[in-house]
Amino acid sequence: MRKIEIFDTTLRDGEQTAGVNLNTAEKIEIAKRLERLGVDVMEAGFPAASKGDLDAVKKVASIVKNSTVTALARSNRSDIDYAWEALKDSSEPRLHVFIATSPIHMTYKLKKTPDQVVEAAVGAVKYAKEKFPVVQWSAEDACRSDLVFLSRIVEKVIDAGATVINIPDTVGFTNPEEYGKIFRYLLNTVPNIEKAILSAHCHDDLGMAVANSLSAIENGANQIECTINGIGERAGNASLEEIAVALAIREDFYKVKTNLTLNEISRTSQLVSRLTGIAVPPNKAVVGKNAFAHESGIHQDGVLKEKSTYEIITPELVGVPSNQLVLGKHSGRHAFKDYLHKLGFHPEESKVNVLFEDFKQLADRKKEMTEEDIFALLIDHKIQPEVPLYQLKDIQVNYGTNQIPTATLRLLTPDGTLIQDAATGSGSVEAIYNTLGKMLPSSLKLNDYRIQSVGAGRDALAQVFVQIVCDGHEINGSGTAQDVLEASAKAYVHAFNKLQMHSSDKKSYERMSI
Ligand code: KIV
Ligand code: ZN
C-alpha cells in the first residue's frame, strides 16, 4: 500500500499559535512523544528566529533518533546557516526552505518580480544542498499563486536539488476540489516531478484544512504536514489526529498507510494541550472529551448492545481506555444501571427503578450531571457502594506571605472513623495534598492539576481536575466547591475513591466522568 509521510509541525507552526511559547524542556517532552507516535518528520523550530529556537532545535535533534528532525529557513544564506548550526549533528539533517510565490506576497511583502523570486529560490536550494542531504522547498501562499508560474518554479527548485515540494495553503483559502487540482496540475506539467515527493500543508481559516489535506492525498501528495490538536497560526493547521484516524478508518477508500502508532494519539494530544495551555474543545473529533461520549438514550442503549451501532472509531484505537456514556436527561435506564455498576454500586432492580425516576427528575433540572450528583442520589437513598468511600469532612488552611502554608484536614474513613492530620507545603494546595498523602493508605503521584471556574462572576464555583497515578494506573478526579482549596481537596479524594473501586474489581474507571 502507498505510504504517506507524516510531517509534524507542532513545534514550529503549532508554536506560532497566538499566546503559545514553549521552552526547550517542553519542546523536548513533546518531541519525544511525537517520536513515540511515529511521525516521520518533525519540524522543531525556526532557528533564525531566536537563540532559544536554535538551541531547542539543536537539543531536539540530538535526542530524537527515530524521526527526522527538520527546521525552517527563509531563502537567504543567514537563515540556512542558522538551521545548519542547529541540525548539523542530527542523523539526517533536513532543511525546510521557503519563499512566497503568490502575486500578493511577491509584490507587497517580498517586493520582487517573479523572475527574482525564481532566482532567490534556486539560489537558496543550491546553497542548502551544499550542506543538507535533504532539502524540502515550500511555495508560501501556493494556493493563491499562478499555476503556470508555480509549475515553472517547482521545476527549477527540483533541478537545484529539492526532493520534497510542499504546496502550502498558507491562508486557508482553498477547498478540496481546487487543492486536489493543483497537485494533479503539478504532476502533469512539471517535467522532473518524479525526482521529488509532493507535500500538503493546510491552514484551517475556512475549516477545510483536514478535508484539503485528504484531497491532496487523493491527488498524489505523499507527505502531509499537520499539528497535534490542529494548533497553529490563526485558526490553526490541519490536525494530525483527524487525518491519521480518517486514513485508518477509511482505509477502504484512501488505500494508504502511515507509520503512526494510533494509540499514542490521545496521550500526545493531552500533553500538547497541557504544555501549550490550549484546551481541546470537547466536541473536537478524535481527541475531544466528548468524542466517544454517547448521551441520548437510544444511542446509549445501542452502544451497550453493540458498539458499532453508533461508534465508528473505538476509543482504544487512539489510546482512550473505553467509551463514555454521558448521563443526562436523554439517558435510558440501561445506561444508568450500567453506570451505577461501573461506580461500584449494584442495587436490586426495584431500587434501580426508584433511583432512575429521581435521576430523570434531577437531569431535567440540571444542564450537566456530575458524578457527584449520582453519588448524592445514592447517598440520599442510603445505598452503599461495594467498596466504601472516603469522605472529606472539613478542611482548614493557614496561608500568609511570611508563613509556611499548613493544611489540617478531617476525613471520614470507610469504616466510619473520623481521622485528622496536618502537613505543610510550599503552597496551600501542596500542603493539602501532603496532608492527604499522610492520611490515605496508598502512595500516589499527582500527574496533573487543572482548575477552571464554573459559571461567571466573582461568586463562580471552582472546579478542579486532578490525575493521580498509582501502580501505573492513571485516575482522574474532579471536585467542585465555592472555594478553590476545598475543590482541590475534593478532587484528590474523588480520584482516590475511584482508585479504590478500580483496584477492587479491576474495571476501568479512568474515563468515568459524567
Ligand atoms: O503556512 C505556510 O505557508 C508555512 C510555510 C512556512 C511552510 O507555514
Ligand atoms: Zn503554515
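This is a predicted model: local features need pLDDT of at least 70, side-chain atom pairs count only at pLDDT 80 or more; totals for chains, interfaces and linings use all residues.
Local features need pLDDT of at least 70 and side-chain atom pairs count only at pLDDT 80 or more, while totals for chains, interfaces and linings use all residues. Residues are numbered from 1 along each chain as its sequence is written, chains are lettered from A and ligands numbered from 1 in the order in which they are written, and side-chain values use heavy atoms, with hydrogens and water left out.

Two packed helices are described by the angle between their axes and the distance between the axes. Axes here are lines fitted to C-alpha atoms, for helices over the stretch in contact, and angles run from 0 to 180 degrees between N-to-C directions. Helices are DSSP runs (H or I, at least four residues), numbered from the N terminus.

Start with helix α3 (residues 77-87) and helix α5 (residues 114-129). Their axes come within 10 Å and cross at roughly 30°. The pair is therefore roughly parallel (angles under 35 degrees; over 145 is roughly antiparallel, 65 to 115 roughly perpendicular and the rest oblique). The crossing is right-handed, meaning that the near helix is turned clockwise from the far one by less than a right angle. Arg77, Ile80 and Asp81 of α3 and Ala124, Tyr127 and Ala128 of α5 make the contact (heavy atoms within 4.5 Å). Four of these residues are nonpolar, none is polar and two are charged. Ala, Val, Leu, Ile, Met, Phe, Trp, Tyr, Cys and Pro count as nonpolar, Asp, Glu, Lys and Arg as charged, and the others, Gly among them, as polar.

Next comes helix α6 (residues 147-160) with helix α7 (residues 176-189). Here the angle is about 50° and the axes are 10 Å apart. That makes α6 oblique to α7. Leu147, Val148, Leu150, Ser151 and Val154 of α6 touch Ile182, Tyr185, Leu186 and Thr189 of α7. Seven are nonpolar, two polar and none charged.

Helix α8 (residues 209-218) and helix α9 (residues 240-249) also pack at about 50°, axes 10 Å apart. They are therefore oblique. On α8, Val210, Ser213, Leu214 and Ile217 face Glu242, Ile243, Ala246 and Leu247 on α9. The classes are six nonpolar, one polar and one charged.

Now the ligand. Residues around ligand 1 include Arg12, Asp13, His96, His201 and His203 (a heavy atom within 4 Å). Polar contacts are pairs of N or O atoms within 3.5 Å. An oxygen atom of ligand 1 is 3.1 Å from a side-chain N or O atom of aspartate 13. For histidine 201, a polar side-chain atom lies 3.1 Å from a ligand 1 oxygen. For histidine 203, the distance is 3.0 Å.

How values were computed. Helices (H or I, at least four residues) and strands (E, at least two) are DSSP runs, numbered from the N terminus. A polar contact is a pair of N or O atoms within 3.5 Å; within protein, one must be able to donate a hydrogen and the other to accept it, and residues adjacent in sequence count only if both atoms are side-chain atoms.
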